[in-house]
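Thanks for coming. I will take a few minutes to walk through one model, so please have the sequence and the structure open.

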Amino acid sequence: MTLTASAVWEFVQAERARLTDDLESSTPRDWATPSLCPGWDVHDVLAHLVDSARTSRIRFATRMAFARFDFDADNATGIARERRTDPRETLAAMRAAVPLTRSPIAPRPTRLVEAIVHGEDIRRPLGIAATYAPDAVAAALAYQVKTPTAFGGGRERVDGLRLVATDTEFDMGAGIVVRGRAVDLLLAVSGRAVSAAAFDGPGAAQLAAG
C-alpha cells in the first residue's frame, strides 16, 4: 500500500463506516462484552475510536502534557469523555466522525493499525467476521514489527522470529518461521491474544504466547 495521506484516510474512513454498520444491531450484552484489548469492553473501544477520530495534533499535545505523558491515563480520560450512557449515542458519535481526518502526533501507519486492530478488538469477541485490504494489513504489520512496545508496537514480541503471511506478500524478520494470515500476525504482534492454531511453523507457540 502506498502510504499517501489520501490512501490512508480513504481506508480509515471506510473502516469506521463499516464498523458502525456492524454494530447497529448490538445488544446491551454485546456492548459489555470484554474486547481483545485488556481491560476494555466493546463500548470502551468504540469510545476510544471516537476520541481518537476527534483529536487533532495540537489537542493531543495539550492532553499529553496535562496527563504528564502517561498514554494510559490519557486514553482513560478520552474514553470517559466520549463514552455515552447509551452505547447507541456513542455509535452515533462514531458515525458522525467517519469523515474526519484529524490525527494525534503519530506516524501515518498508526491510523491503519488503529482501524484494523481495534476493529478486531470489537469484532472477534462478538463473532463478527471481517476481511481487510491485504496491502493495508501488510503495511500496518510492517510498522508494528519495527516499532517498540513502549510506543504501541511489537518489536520485542517478534525478536528472533521471521513472520510470513500466507494471504499477502509479507516476509519480515530473521529467525524461527511463523506463518499465518496477516491480520492474525498483526494482532499477535500488537499484543492481542491469538490462538497458536492460527499459525504454522516452529515459532507459532512463541508468537501466540506474546
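Start with Val12, which is buried, at a relative accessible area of 5%; the cut-off for buried is under 20%. Keep in mind throughout that this is a predicted model. Val12 belongs to helix α1, residues 5–22.

How many strands form it, and in what order? There are four, in the order β2-β1-β3-β4, and they make an open sheet with mixed pairing. The edge positions go to β2, residues 171–173, and β4, residues 199–200. Each of these has a single partner strand, so one side of each has no neighbour in the sheet. As a reminder, strands of a sheet pair through backbone hydrogen bonds, in either a parallel or an antiparallel way.

Now go through the pairs. β1 and β2 are antiparallel, with three bridges, and they form a hairpin with five residues between the strands. In that pair, Leu163 is opposite Met172 of β2. On to β1 with β3: this pairing is parallel and has five bridges. Here Val164 has Arg179 of β3 as its bridge partner. Last, β3, residues 176–180, is joined to β4 by two bridges, and these strands run antiparallel. Gly180 stands opposite Phe199 of β4.

Is β1 largely enclosed or largely open? Four of its five residues are buried, so β1 is largely enclosed by the rest of the structure.

Now for α9 and its helix partner. Helix α7, residues 109–126, packs with helix α9, residues 182–189, at an angle of about 95°, and the axes are 10 Å apart. Angles of 65 to 115 degrees count as roughly perpendicular, so α7 is roughly perpendicular to α9. From α7, the contact uses Ile116, Val117, Glu120 and Arg124; from α9, it uses Val183, Asp184, Leu186 and Leu187. By class, that contact of α7 with α9 has five nonpolar residues, three charged and no polar.

Which residues meet? On the α3 side they are Asp44, Ala47, His48, Val50, Asp51 and Arg54, and on the α5 side Asn75, Gly78, Ile79, Arg81 and Glu82. The contact of α3 with α5 divides into three nonpolar, three polar and five charged residues.

A last word on α3 itself. The helix has 13 residues and spans 19 Å from first C-alpha to last, close to the 18 Å expected at 1.5 Å a residue.

Terms used: Residues numbered from 1 in each chain as written. Predicted model: local features only at pLDDT ≥ 70, side-chain atom pairs only at ≥ 80, totals over all residues. Heavy atoms only, no water. Axes fitted to C-alpha atoms, helices over the stretch in contact; angles between N-to-C directions. Parallel < 35°, antiparallel > 145°, perpendicular 65-115°, else oblique. Contact = heavy atoms within 4.5 Å. Nonpolar A, V, L, I, M, F, W, Y, C, P; charged D, E, K, R; others polar. Pairing = 2+ DSSP bridges. Buried < 20%, exposed > 50% of the residue type's maximum accessible area, 1.4 Å probe, protein only. Expected span 1.5 Å × (residues − 1).
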